[in-house]
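This briefing goes through selected helices, helix packing, loop residues and backbone geometry. Please read it with the sequence and the structure side by side.

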Amino acid sequence: MNLQNIKMVCYGVRKTERVFFENLNKDYGYQLTLIEEYLTKDNIDTVKGHNAVMVRANCDCGAENLLKMKEYGVKYLLTRTVGYNHIDLPKAHELGFEMANVPSYSPNAVSELAVSMGNALLRNLFYMADRERQTNFKVDDFMFAKEIRNSTIGIVGTGRIGFEAAKAWKGMGARVLGYDLYPNDKVSETLEYVDLDTLVKESDLISFHCPYIKEQNHHMINKEFISKMKKGAVLINAARGPLMDSAAVYEAVKTNHLKGVGLDVLENEGSVFFKDFNGDKTGDDMTNKLLELYPRVIITPHVGSYTDEAVKNMIETTYENLKIILTGQELKNRI
């Protein structure tokens with residue numbers, strides 16, 4: 001099939017990303033429709049007239065929308081994300097969609113965010129900035145910090161992103177521990193692999209970079225897990241929201257068991273992220289509770305991959321995935 005005959009609608013395309021979509025498409029020639037909103041049941045009709053759909057996390061690719069896509073003649077469903085839990089895979093396979101994901105992109109993007117959050121919480125920067133915003137320049141006990149080179153950092157999930165985070169903290173002199181179901185010899189040159197209990201008990205900061213697999217690690221960060229962490233430790237989750245029991249995280253900060261928490265993901269982020277509540281409370285009670293704990297709980301709206309290099313990687317790989325499907329080559333990224 002001629003690539004120029006492909007009409008692809010792309011959802012969740014931010015204004016800053018349009019130039020990447022357009023410039024990278026010069027090598028492919030797809031007929032693109034770029035939509036800033038995420039795919040929902042309310043805008044599913046925008047799929048009409050297209051034979052390919054590109055989505056990202058938080059797009060609604062449930063059974064109802066998949067049936068509509070099929071009705072409208074869509075054959076190719078591409079996600080420019082690593083995860084694909086936003087797609088009802090059994091239904092999508094049943095309907096015969098050709099699908100692919102992006103198994104990796106700039107690992108620096110998410111690791112940089114995690115390390116930045118972690119360092120700021122370890123050095124109490126958010127706390128101090130918030131007090132000084134209120135013109136309180138007194139130095140108190142909470143501002144006292146342990147230097148990173150005297151700290152132990154735990155990395156849960158030592159794939160490409162976790163590895164980059166480990167290298168960054170190692171470069172600052174920290175002792176870095178790692179836990180992964182599939183240890184990597186190359187990574188072991190940077191960190192020390194230990195069992196999960198050891199990592200949890202000995203780390204001053206734990207950063208999560210593992211995939212979410214519902215049957216295996218749903219609410220892995222729960223009350224029991226947190227109870228084993230050091231009092232005054234920091235928790236970072238830039239992986240997936242359902243990895244953590246938000247209520248347990250909230251209680252741990254509220255009771256001062258945890259010093260701080262940095263979150264780029266939430267359990268119910270689909271009902272909160274990418275919306276402007278204009279200063280009012282969100283529609284999610286637990287998110288509201290976590291927000292009340294600022295500046296000890298820092299939340300960013302799933303922007304770990306919102307960098308120039310990561311966006312380029314995700315779009316380019318998705319374009320190439322579709323080209324491989326259309327030309328009948330072996331597709332390694334098929335889902």
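In helix α5 (residues 125-133), the buried residues are Tyr127, Asp130 and Arg131, where buried means under 20% relative accessible area, exposed means over 50% and partly exposed lies in between, with a 1.4 Å probe and protein chains only. These residues cover an arc of only 95° around the axis, which puts them on the same side of α5; the arc is that of the directions from the helix axis to the C-beta atoms. The model is a predicted one, in which local features need pLDDT of at least 70 and side-chain atom pairs count only at pLDDT 80 or more, while totals for chains, interfaces and linings use all residues. Residues are numbered from 1 along each chain as its sequence is written, and side-chain values use heavy atoms, with hydrogens and water left out. Helices (H or I, at least four residues) and strands (E, at least two) are DSSP runs, numbered from the N terminus.

**Helix faces and helix ends**

- Just after α5, Thr135 takes a positive phi of about 60°.
- Helix α2 (residues 63-71) has Asn65, Leu66 and Met69 as buried residues. Seen down the axis of α2, its buried residues fall within an arc of 100°, so they line one face of the helix.
- The cover over the buried residues of α2 includes β3 (52-55), β4 (76-79) and α3 (89-95), with contact meaning heavy atoms within 4.5 Å.
- Gly73 follows α2 and has a positive phi, near 90°.

**Packing of α4 with α6**

- Two packed helices are described by the angle between their axes and the distance between the axes.
- The axes of helix α4 (residues 107-122) and helix α6 (residues 160-171) come within 8 Å and cross at roughly 45°. Axes are lines fitted to C-alpha atoms, for helices over the stretch in contact, and angles run from 0 to 180 degrees between N-to-C directions.
- That angle makes α4 oblique to α6, given that angles under 35 degrees count as roughly parallel, over 145 as roughly antiparallel, 65 to 115 as roughly perpendicular and the rest as oblique.
- The crossing of α4 and α6 is right-handed; a crossing is right-handed if the near helix is turned clockwise from the far one by less than a right angle, and left-handed if anticlockwise.
- On the α4 side the contact is made by Pro107, Asn108, Val110, Ser111, Ala114, Val115, Gly118 and Asn119, and on the α6 side by Arg160, Ile161, Glu164, Ala165, Ala168 and Trp169.
- The residues of this contact of α4 with α6 divide into eight nonpolar, four polar and two charged. Here Ala, Val, Leu, Ile, Met, Phe, Trp, Tyr, Cys and Pro count as nonpolar, Asp, Glu, Lys and Arg as charged, and the others, Gly among them, as polar.

**Packing of α10 with α11**

- Helix α10 (residues 246-254) packs with helix α11 (residues 285-292) at an angle of about 20°, their axes being 10 Å apart. The two helices α10 and α11 are therefore roughly parallel to each other.
- In passing α11, α10 makes a left-handed crossing.
- Ser246, Ala247 and Tyr250 of α10 make the contact with Met286, Lys289 and Leu290 of α11, and the residues of this contact divide into four nonpolar, one polar and one charged.

**Loop residues in their surroundings**

- Ala174 is placed in the loop between α6 and β7 (175-179) and is buried, with a relative accessible area of 3%.
- Not counting residues up to four places away in sequence, Ala174 touches Ile148, Arg149, Ser151, Ile153 and Trp169. Ala174 and Ile148 are 26 residues apart in sequence, yet 5.6 Å apart in space, C-alpha to C-alpha.
- Asp280 has its place in the loop between β11 (258-263) and α11, and at 57% relative accessibility Asp280 counts as exposed.

**Backbone geometry in loops**

- Most residues other than glycine have a negative phi, and most peptide bonds are trans.
- Asn58, in the loop between β3 and α2, has a positive phi of about 80° although it is not a glycine; Asn58 is partly exposed, with a relative accessible area of 28%.
- Phe274, found in the loop between β11 and α11, is not a glycine either, and has a positive phi of about 70°; Phe274 is partly exposed, with a relative accessible area of 33%.
- The peptide bond from Tyr294 to Pro295 is cis, with omega near 10°, and Pro295 lies in the loop between α11 and β12 (297-299).
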